[in-house]
Amino acid sequence: MPSPQTSHIVTRFAPSPTGFLHIGGGRTALFNWLFARGRGGKFLLRIEDTDRERSTPEATAAILRGLAWLGLDWDGDVVSQFDQKDRHAEVAHQMLARGTAYKCFSSQEEIAAFRAESTASYAVFRSPWRGADPASHPDLPYVIRMMAPQTGETLIEDEVQGRVVIKNETLDDMIVLRSDGTPTYMLAVVVDDHDMGVTHVIRGDDHLNNAARQQMVYDAMGWQVPVWAHIPLIHGPDGKKLSKRHGATGVEEYQAMGYPAAGMRNYLTRLGWAHGDMEIFTTDEAKAAFDLKGIGKAPARLDFKKLENTCGHHMAMAGDAALLHELQAYLAAAARPPLTEAQSELFLRGIYCVKDRAKTFADLLDKAQFMLATRPIVPDEAAQKSLDTVSRGILKSLTPQLQNVLWTKDGLEPILNHLASESGLGFAKLAAPIRAALAGRTTTPSVYDMMLVIGRNETIARLKEASA
RNA sequence: GGCCCGUUCGUCUAUCGGUUAGGACACCUGGUUUUCAACCAGGUAAGAGGGGUUCGACUCCCCUACGGGCUGCCA
């Protein structure tokens, strides 16, 4: 039964469609999603496309794909901020009517000149039109500025950052409606969050200062201020802001590299958030455990080793069919050919002996090569070395013995053990050429597992081929 | 320049005035083993610096240093 005070939670993710879904954005979305989903709330998606110059439908599509891959589903339709522009203008004019905003006729040149001249420490632009008599208004283009309080303080009660005090004198009368009648971000974000019923704004802490400005809009309209939670941004391994030179920054790149979505989710969840000593979470566990309190205030660095380790856990935890399904999606994302029906069947039969040692799907596929490959098996350099004359002779003597043996580990073991001691090689030395023959490489699952997975005929065929 | 935020092992973090400062990744050692991996056991490793407050400070306050953010008719 949902508890009444937690069932009205509404969070949102509001990216601007100017590129792919950034890994940091993915984490922000994840936090919002976890918070809402863990509390029976709603998670909404809004595309902040008011900047017509930079917004592209391709970017929106990429963001949606990224979210879908991460398994973050949203409630209702995707909201286009641009579509709400009339509503934004309406609110701007309401503010005008209420006297909490005013028309400013200062040109951009005038403002630029002010900024250039003011080397003073307090370079806050004060519009001369604040409080001007409407009768004195010229017939010129104007912007609508917020009538912001110029004294006193604005208090941000932030779930992550704590109580943050911003002195109002450091804030200017921000523009809410541009001279072309379109809204600025500062207005649009507030109007949309209010209209969409957003109760918790969880976003990057690059918006912490903006929260003060936005809070003024809430106050000007008499709207309820949402719960703020400004989370630190993700940094690269060197502690600098995450950028291209650190490697992958787009969520979809991680998919293409083969990281499982569940592992990615787990890693991102734990990056900058903790729940005691717990490290590995199923999605349900994460939803239940996630809270704003556990979010750290310092920026976290991306650590690929830990990402891999986390993904390894999830790879091992996953069901076989689910792994096959996600593997196929990975292959498509990485522009690689899908597994055929027959390969899929083999994969399902043999996946048990490779999945707990793989960290990514690329890794999994590589380790599964022995079952997916078709003859001739071409040994790599290291494997070739173990297929010397002596070894080939031994393999040759092995094949007839496999003809009628019971095809189980118990059936095979005595034969291989006997051959190992009889040849004087010992098991380790005997296993090497068998690995080379069956998989063409030196790093493989157990020889028994391989034989059982590929079957009697294929085993004999590969041994014959290698010993010929 | 101004304002805001941050700083515990290499990394992610626990700690919410009194702990031998805990866990995870990585690393090292040992064990197991059919190579690698996995697995098991153990180990190295931390409170940026300086002042306070306090019987006692990683924890509260101040300063400094360093890092980040904001300061747009971008979002």
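## Exercises on strands, helices and an RNA surface

A101 stands opposite M146 in β5. This is a predicted model, in which local features need pLDDT of at least 70 and side-chain atom pairs count only at pLDDT 80 or more, while totals for chains, interfaces and linings use all residues. Residues are numbered from 1 along each chain as its sequence is written, and chains are lettered from A and ligands numbered from 1 in the order in which they are written.

**Exercise 1.** Work out which strands pair with β5, and in which sense.

*Solution.* Begin with the terms: strands are DSSP runs of E with at least two residues, helices are runs of H or I with at least four, and both are numbered from the N terminus; two strands pair if DSSP finds at least two bridges between them. Strand β4 (residues 101–104) is joined to β5 by 4 bridges in the antiparallel sense. Next, β5 is connected to strand β8 (residues 175–177) by 2 bridges, again antiparallel, and here R145 has I175 of β8 as its bridge partner. Finally, consider the side chains of β5 (residues 143–146): V143 and R145 point one way, I144 and M146 point the other way, and all are buried, where buried stands for 20 or more other C-beta atoms within 10 Å of a residue's own, exposed for 12 or fewer, and partly exposed for counts in between, with C-beta atoms placed from the backbone.

**Exercise 2.** Describe the open sheet that contains β1, and find its edges.

*Solution.* The sheet has 3 strands in the order β1-β2-β3, paired in parallel. β1 (10–13) and β3 (79–80) are the edge strands, and each has a single partner, so one side of each lacks a neighbour in the sheet.

**Exercise 3.** Determine how α3 and α5 are placed relative to each other.

*Solution.* Two packed helices are described by the angle between their axes and the distance between the axes. Axes are lines fitted to C-alpha atoms, for helices over the stretch in contact, and angles run from 0 to 180 degrees between N-to-C directions. For helix α3 (residues 85–98) and helix α5 (residues 185–195), the axes come within 10 Å and cross at roughly 105°. The two helices are therefore roughly perpendicular, since 65 to 115 degrees counts as such, whereas angles under 35 count as roughly parallel, over 145 as roughly antiparallel and the rest as oblique. The residues that meet are R87, H88, V91 and A92 in α3 and L187, A188, V191 and D195 in α5, contact requiring C-beta atoms, placed from the backbone, within 7 Å.

**Exercise 4.** Characterise the residues around RNA strand B.

*Solution.* A residue counts as near if its C-beta atom, placed from the backbone, lies within 6 Å of the strand. RNA strand B is surrounded by 61 residues, the closest being S16, E48, Y185, A274 and A298. Elements that contribute two or more residues include α4 (108–117), β7 (162–167) and α18 (427–439), and β7 gives the most, with 4 residues. By class, the surface has 20 nonpolar, 22 polar and 19 charged residues; Ala, Val, Leu, Ile, Met, Phe, Trp, Tyr, Cys and Pro count as nonpolar, Asp, Glu, Lys and Arg as charged, and the others, Gly among them, as polar.

Terms used: Two residues are in contact if their C-beta atoms, placed from the backbone, lie within 7 Å.
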